[in-house]
Amino acid sequence: MLTTQLKYDLLMFSRELFYLIFILVVPPATYIFMGQLYGDFTYAGNLTYAQTYTPSFILLITFGVVFFSFGFEQVMHRTTGVEKRISLSPVPKKVLLLSSILKSIILTSFGFFIVYLIGIIVYNLSFNLLSLISSYGFFILLNALLLTISSAIYSFFSNMNSALVFSIIIFQVVMITGGFAIPVEMMPKFVTVIAEVNPIYHMNKLFIAIWNEQFQLDKSTFISIGYIVALIIIALVIIRFSTKRRN
Amino acid sequence: MAIIDVRNLQKSYGNNQVLKGVNFQAQEGEVIGVIGKNGAGKSTFLEILMTIKSYDIGTVIVFDEDIKSIPTNRLEQLRQNISVVLQPTQFYKTLKVGELLKLFKAYYQSPVDIEKIIADFKLEAHRKKYFDKLSGGWKQIVSLAIAFLSEPKLLILDEPTTGLDPHMRNLLWSYIKNYNDKTGGTVILTTHNMDEIELYCDKVMLINNGVNEVFETTENILASGYKSINAFYLQSVSI
């Protein structure tokens with residue numbers, strides 16, 4: 001049953017042109033384009049463009065997939081009545097949830113390897129198997145964290161249009177304050193303040209550090225990890241309450 | 001054989017008590033129409049029978065199972081015997097009709113041949129169309145075809161013919177009657193079309209002011225002096 005559901009979930013994703021372009025085409029294209037503009041710069045930690053922005057763009061794709069194709073889709077199915085109709089069939093809820101999670105992991109892994117491949121071909125990114133394994137492991141953890149946060153946020157929406165507007169706005173906010181466009185440190189003060197409350201910014205910092213084997217348990221790392229853990233606890237509480245309310 | 005037994009069913013939304021003590025029984029093979037004005041609680045009642053809505057007080061027995069205390073795994077088994085057509089009907093919009101049938105066949109682990117269902121419901125011309133692109137009538141037909149995939153013992157239809165032209169309505173009813181005749185399955189439906197009740201239903205339940213004011217055979221209602229079920233409804237329910 002799980003494989004059948006997953007097959008159809010992936011088929012449905014492939015037919016959503018908006019998701020395909022916005023999530024799987026635009027970020028890699030932007031990664032290449034920005035590299036042409038800023039490829040010669042040196043970034044924090046004495047890193048090259050590819051060392052900094054390869055994990056960043058992988059995270060951006062992950063965010064896009066999880067928020068649009070997982071979170072927003074939940075709202076869409078809930079508000080259009082699809083969820084209600086499916087719930088009337090004898091398919092276990094855990095199969096539907098597991099399929100959604102696996103779909104996100106497959107799509108984000110596709111994003112991971114496509115951006116990585118572009119980095120190697122276009123920007124001479126070095127290949128290191130051990131680093132790849134640890135980065136991919138952390139990337140899967142980020143997937144799980146984002147799925148939890150996304151589930152909690154979208155549980156508040158009962159209207160598809162407001163969820164869509166929210167998704168588009170939040171994508172812009174994350175893009176600017178997550179360190180995906182230009183380094184947050186180079187931006188005005190108010191943007192850096194917003195960045196501090198943006199969990200994606202903290203995830204991005206940690207991911208870049210792990211990707212480049214620069215991860216250290218210092219004050220900044222503790223703040224980032226502590227903040228993300230606190231958000232996950234809040235998200236789990238919200239999910240629990242919203243599930244209880246719906247039942 | 002009793003398929004459903006409902007006693008003193010009560011349900012509120014906040015301070016609004018919609019159902020104030022409904023009693024209802026459905027036997028195997030019966031076609032029962034549930035009527036009442038908008039907001040009377042018909043859909044709430046059906047959704048409780050569908051096992052997707054909780055209730056406050058009362059007992060609801062479906063296929064000998066008390067649905068309030070049933071564990072999740074048995075609830076999923078119970079749902080294999082129930083099929084529904086909702087209003088409005090919605091499925092995954094980016095799946096084609098043939099794909100939807102295959103997916104639901106997997107959900108119900110149904111032995112029914114998809115090709116037979118497509119032939120029975122005259123869906124050949126629509127099998128490669130996206131569900132979202134179908135007209136309202138064909139969406140209802142597809143929904144009914146999916147409902148029959150599971151060979152259900154109980155079919156629950158929430159306003160199945162709303163918005164359909166007379167031909168589509170006849171087509172839909174021919175399938176429902178055919179199912180009822182062939183399988184002896186029980187059908188419970190809501191509708192605002194009293195002609196349908198008169199033509200096709202064995203029994204009528206009128207929900208008014210939160211209770212089943214009338215629960216009687218169509219025949220007996222007509223025998224009691226009403227010219228039609230429409231006349232019965234208009235005289236029984238005030239605006």
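Me: Which residues of α5(B) meet α6(B)?

Reply: This is a predicted model. In α5(B), the residues that meet α6(B) are Gly137(B), Gln140(B), Ile141(B), Leu144(B) and Phe148(B). On the α6(B) side they meet Met168(B), Leu171(B), Leu172(B), Tyr175(B) and Tyr179(B). Sorted by type, the residues of this contact are 8 nonpolar, 2 polar and no charged.

Me: At what angle do the helices α5 and α6 of chain B pack?

Reply: Helix α5 covers residues 136-149 of chain B and helix α6 covers residues 166-183 of chain B. The angle is about 10°, and the axes are 10 Å apart. Angles under 35 degrees count as roughly parallel, and α5(B) and α6(B) are therefore roughly parallel to each other.

Me: Next, the sheet. How do strands pair, and what is the strand order in chain B?

Reply: Strands of a sheet pair through backbone hydrogen bonds, and the pairing is either parallel or antiparallel. In chain B, an open sheet of 4 strands runs in the order β2-β1-β4-β5, with antiparallel pairing.

Me: Which strands of chain B stand at the edges?

Reply: They are β2 (16-27) and β5 (65-66) of chain B. Each has a single partner strand, so one side of each has no neighbour in the sheet.

Me: How many bridges join β1(B) to β2(B), and how many join strand β1 to strand β4 of chain B?

Reply: β1(B) and β2(B) pair over 9 bridges in the antiparallel sense. One bridge partner to look for is Gln25(B) in β2(B), which pairs with Asp5(B). Strand β1 (residues 2-13) and strand β4 (residues 57-62) of chain B are also antiparallel, with 5 bridges. In β4(B), Arg7(B) has Thr59(B) as its bridge partner, while Ile4(B) has Val62(B).

Me: What lies between β1(B) and β2(B) in their hairpin?

Reply: The hairpin has 2 residues between the strands, and Gly14(B) in this hairpin takes a positive phi near 65°.

Me: How far apart are Arg74(B) and Met194(B), in sequence and in space?

Reply: Arg74(B) and Met194(B) are 120 residues apart in sequence, and their C-alpha atoms are 36 Å apart in space.

Me: How should I read the contact of chain A with chain B?

Reply: The size of an interface is often given as the accessible area lost when the parts come together. Here, residues are counted: 17 of chain A are in contact with 20 of chain B. On the chain A side, α1 (2-14) and α4 (82-87) each supply at least two residues. The largest share, 4 residues, comes from α4(A). By type, the residues of the side of chain A that touches chain B are 8 nonpolar, 5 polar and 4 charged.

Me: What does UniProt list for these chains?

Reply: For chain A, the unreviewed UniProt entry lists "transmembrane region" at several spans, including 164-182 and 221-241. In the model, residues 164-182 of chain A are 74% helix and 0% strand, with end C-alpha atoms 26 Å apart. Residues 221-241 of chain A are 100% helix and 0% strand, with end C-alpha atoms 30 Å apart. For chain B, the unreviewed UniProt entry lists "domain: ABC transporter" at residues 4-234. That span of chain B is 37% helix and 27% strand, and its end C-alpha atoms are 28 Å apart.

Notes. Residues are numbered from 1 along each chain as its sequence is written. Chains are lettered from A and ligands numbered from 1 in the order in which they are written. This is a predicted model: local features need pLDDT of at least 70, side-chain atom pairs count only at pLDDT 80 or more; totals for chains, interfaces and linings use all residues. Axes are lines fitted to C-alpha atoms, for helices over the stretch in contact, and angles run from 0 to 180 degrees between N-to-C directions. Angles under 35 degrees count as roughly parallel, over 145 as roughly antiparallel, 65 to 115 as roughly perpendicular and the rest as oblique. Two residues are in contact if their C-beta atoms, placed from the backbone, lie within 7 Å. Ala, Val, Leu, Ile, Met, Phe, Trp, Tyr, Cys and Pro count as nonpolar, Asp, Glu, Lys and Arg as charged, and the others, Gly among them, as polar. Two strands pair if DSSP finds at least two bridges between them. UniProt positions are given in the numbering used here, feature names are shortened, and annotations may be inferred rather than shown by experiment.
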